[in-house]
Amino acid sequence: MKIAVLPGDGIGPEIVAEAVKVLHALDLSFELETAPVGGAAYAALGHPLPESTLKLAQESDAILFGAVGDWKYDTLDRHLRPEQAILGLRKNLGLFANFRPAICYEQLVNASSLKPELVAGLDILIIRELTGDIYFGQPRGRRIAADGHFPGAEEAFDTMRYSRPEIERIAHVAFQAARKRSKRVTSVDKANVLETFQFWKDVVTEVSLQYPDVTLDHMYVDNAAMQLVKAPKKFDVIVTGNMFGDILSDEASMLTGSIGMLPSASLNANNKGLYEPSHGSAPDIAGKGIANPLATILSAAMMLRFSLNQLDSAQRIENAVSKVLAQGLRTADIYSEGTTRVSTIEMGDAVVKALR
Ligand code: NAD
């Protein structure tokens, strides 16, 4: 099994080091190869996704990714910015299905910004389409407006678009995932305003006919954003487009206590995947040794389960994470009175110890 390890920027190298430590503690043989990505790659090789890094990602069975981005690169041309690396990997590897589970660990119920009774036992899965929508749609750019409210004025524009096959394949992913859970899918759209999302709704409804055992309902994105904080446990599987999924999954992450707890998997049609925490590179805390490595460690568990077929090892990691939380160990983001504050490295060490 060959795993490409792409630590990236900010807290990326710190949290990926802990996930690698956990992988090494399993009795499995891996070939791990590390390569630069994002701002680190731009600084070293002049491009956020160098050819050599892309080649390694293409040749590997799975990719363990930290995070990319730093404010110091914000003035670069867009195609050279660190964030282009993750968009480039998604596009080149066809990683169209993003799985973001939002699970509230019993031990962290009090770390959520919502009342404990609203989040206790929360277990939802957001499936976000990842290679289409307004993030990839062409044309886009800046120009002088030919019409609109201010003809002749400078304007910027992006294109929201989805094709039938793009919607069909993500809908199948959602219905199949729901079959392994409580058989409910909520498709989130903005069909009342956007043509693209009326089409989305129609196609998802058509695909649902192939899954009569799964209940489908539709919800507008503004209502979904509200329901997620009002009664999040009503949801099971949420399927939505790239932009709505980006926003709703971050919202859902906070229900669980901290974005530092949430793993994610981005898969292509062959189950090859890129595994990364749901959060970014957190430049505000980089280098301080306080970042929570659990989202990345749990992403490594998802990698073992989805791409490497090592189900027992995945479960061992997830059990070890529950165990360290039960022991009261907390990084700063999930710390509360009466628990023990630990550093990034101490949290990684504790997971390794719990594994053994
Ligand atoms: P962020 O997720 O990096 O940080 C948001 C807040 O959460 C910050 O206060 C941060 O300290 C905290 N946080 C994040 N991860 C944490 C962890 N593991 N432990 C403890 N606290 C944690 O989002 P942002 O600040 O909006 O973006 C920072 C940079 O990350 C930007 O350059 C952005 O473009 C990039 N980004 C990258 C990815 C990716 O690599 N996939 C995703 C999102 C944002």
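In which hand does α11 pass α12, left-handed or right-handed? The crossing is right-handed. Hold on to that one; we will come back to it.

Some ground rules. This is a predicted model, where local features need pLDDT of at least 70, side-chain atom pairs count only at pLDDT 80 or more, and totals for chains, interfaces and linings use all residues. Residues are numbered from 1 along each chain as its sequence is written, and side-chain values use heavy atoms, with hydrogens and water left out.

Now the helices. Helices are DSSP runs of H or I, at least four residues, and strands are runs of E, at least two, numbered from the N terminus. Two packed helices are described by the angle between their axes and the distance between the axes. The axes are lines fitted to C-alpha atoms, for helices over the stretch in contact, with angles from 0 to 180 degrees between N-to-C directions.

Start with α3, residues 51–59, and α4, residues 83–93. Their axes come within 11 Å and cross at roughly 45 degrees. That makes α3 oblique to α4. Here are the classes: under 35 degrees is roughly parallel, over 145 roughly antiparallel, 65 to 115 roughly perpendicular, and the rest oblique. The crossing of α3 past α4 is right-handed. Right-handed means the near helix is turned clockwise from the far one by less than a right angle; anticlockwise is left-handed.

Who touches whom? On α3, look for L54, A57 and Q58; on α4, for L89, N92 and L93. Contact means heavy atoms within 4.5 Å. These residues divide into 4 nonpolar, 2 polar and no charged. Nonpolar covers Ala, Val, Leu, Ile, Met, Phe, Trp, Tyr, Cys and Pro; charged covers Asp, Glu, Lys and Arg; the others, Gly among them, are polar.

Next, α10, residues 294–306, against α11. The axes come within 7 Å and cross at roughly 160 degrees. The two helices are therefore roughly antiparallel to each other. This crossing is left-handed. The contact includes L294, I297 and L298 of α10, and L311, S313 and A314 of α11. The count is 10 nonpolar, 2 polar and 2 charged.

Back to our opening pair. Helix α11 spans residues 311–326, and α12 spans 344–355. Their axes come within 8 Å and cross at roughly 120 degrees. From α11, R316, I317, A320, V321, K323 and V324 meet M347, A350, V351, A354 and L355 in α12. That gives 9 nonpolar, no polar and 2 charged.

On to the ligand. Around it sit 20 residues, and V68, E83, G280, A282 and N292 come nearest. Being around it means having a heavy atom within 4 Å. A backbone N or O atom of V68 is 2.9 Å from a ligand oxygen atom. For S281, a backbone N or O atom is 3.1 Å from an oxygen atom of the ligand. D284 uses its side chain: a polar atom there lies 2.9 Å from a ligand oxygen.

Last stop, the loop between β5 (123–129) and β6 (141–144), which holds P139. The peptide bond from Q138 to P139 is cis, with omega near 0 degrees. D133 is in the loop between β5 and β6 too. D133 is not a glycine, yet its phi is positive, about 70 degrees.

Conventions. Polar contact = N/O pair within 3.5 Å; in protein donor to acceptor, adjacent residues only side chain to side chain.
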